[in-house]
Amino acid sequence: MDLYLQQIFKTPNPIIGVVHLQPLPTSPRWGGSLKAVIERAEREAAALASGGVDGIIVENFFDAPFTKDQVDPAVVTAMTISIERLMNLVALPIGINVLRNDGLSAMAIASCVGAKFIRVNVLTGVMATDQGIIEGIAHQLLRYRRSLGSDVKIFADVLVKHARPLGAETLHAAVKDTIERGLADAVILSGWATGSPPVLEDLELAKDAAKGTPVFIGSGANWENISSLMSAADGAIVASSLKRHGSIEQPIDPIRVSQFVEAARRSTKAKTEYGINGVSQPKISAHPAAGG
């Protein structure tokens, strides 16, 4: 499965930076200018690219409070225009997350503009969230991808942040269901909230349950903990720690991006060369160390 990571990101251990779009039309905090939203997004994407990330994911993060499923058509239009502009600006693979759980709109946008992947917060199972009860959309999303003739990859959260599962589902079972029944192309493990890292033991458990399907860190990674977290993960999606002062409201700081990417590269290189137990391992040409 990591071969497609290599094909998309040119590394089997990608670092994906996040562009949080400013409030979009119909959002309570919409400022009235899509031009201003796009210009901010372009600066963010350029900062991420100059800092050395392997990919970018674009989210309507500042549209909170979110609808739990289908967003307004104006949001889809604004995101499509914004993402197409970013794709013309940076030569990096781009993904899409339409919050809170509008995977169909994300798939539609990605398929039309040529984006490579989408993030879906609840692909399988049932989660109690601040938007209400959200049910998995795997059955609709996989059929929709097929009908579009699309090859956009689906990165799915497992027991997503800012939510609690209905029932007593274990992490191991949730990972297996997301992959085997939801047909996710990769799974994402986060902490309990935005900016909170997953527990290392949970990443190790998820990695074991995934059986070769890529496992991504979905929140809370920073230059201090990335070495530890990447010992049990294939890649990371990172936002807060790349922003000025580590504040979610601030713009991307290219210096912080460079520091993070450098730390992540060192950790993946060490993992490739020495293996888990510090024993030197032969390098395999089909899976070079990130940044190598």
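Reader: Which residues of H2 meet which residues of H3?

Author: From H2, Leu34, Val37, Ile38, Ala41, Glu42 and Ala45 meet Ala78, Ile81, Ser82, Arg85, Leu86 and Leu89 in H3. Contact here means heavy atoms within 4.5 Å. The model is predicted: local features need pLDDT of at least 70, side-chain atom pairs count only at pLDDT 80 or more, and totals for chains, interfaces and linings use all residues. Residues are numbered from 1 along each chain as its sequence is written, and side-chain values use heavy atoms, with hydrogens and water left out.

Reader: What makes H2 (residues 34–51) and H3 (residues 73–89) helices, and at what angle do they pack?

Author: Helices are DSSP runs of H or I with at least four residues, strands are E runs of at least two, and numbering starts at the N terminus. The two helices pack at about 35°, with axes 10 Å apart. The axes are lines fitted to C-alpha atoms, for helices over the stretch in contact, and angles run from 0 to 180 degrees between N-to-C directions.

Reader: Why is leucine 24 called buried?

Author: Its relative accessible area is 0%, and buried means under 20% (exposed is over 50%, partly exposed in between, with a 1.4 Å probe and protein chains only), so leucine 24 qualifies. Leucine 24 lies in the loop between strand E1 (15–20) and H2. It touches Trp30, Leu34, Val37, Asn60, Asp63, Val75, Ala78 and Met79, leaving out residues up to four places away in sequence.

Reader: What makes phenylalanine 117 and phenylalanine 155 a stacked pair?

Author: Rings of Phe, Tyr and Trp (its six-membered ring) pair if their centres lie within 6.5 Å; planes under 30 degrees apart are stacked, over 60 edge-to-face, the rest tilted. These two are 4.8 Å centre to centre with 20° between the planes, so they pair and count as stacked. Phenylalanine 117 is in strand E4 (residues 117–120) and phenylalanine 155 in strand E7 (residues 153–157), 38 residues apart. Both are buried. Ring pairs also link Phe9, Phe117, Phe155 and Phe216 into a cluster.

Reader: How do you know that lysine 153 lies over the face of tyrosine 4?

Author: The rule asks for NZ of Lys or CZ of Arg within 6 Å of the ring centre and within 35 degrees of the ring normal. Lysine 153 is 5.2 Å from the centre of the tyrosine 4 ring and lies over its face.
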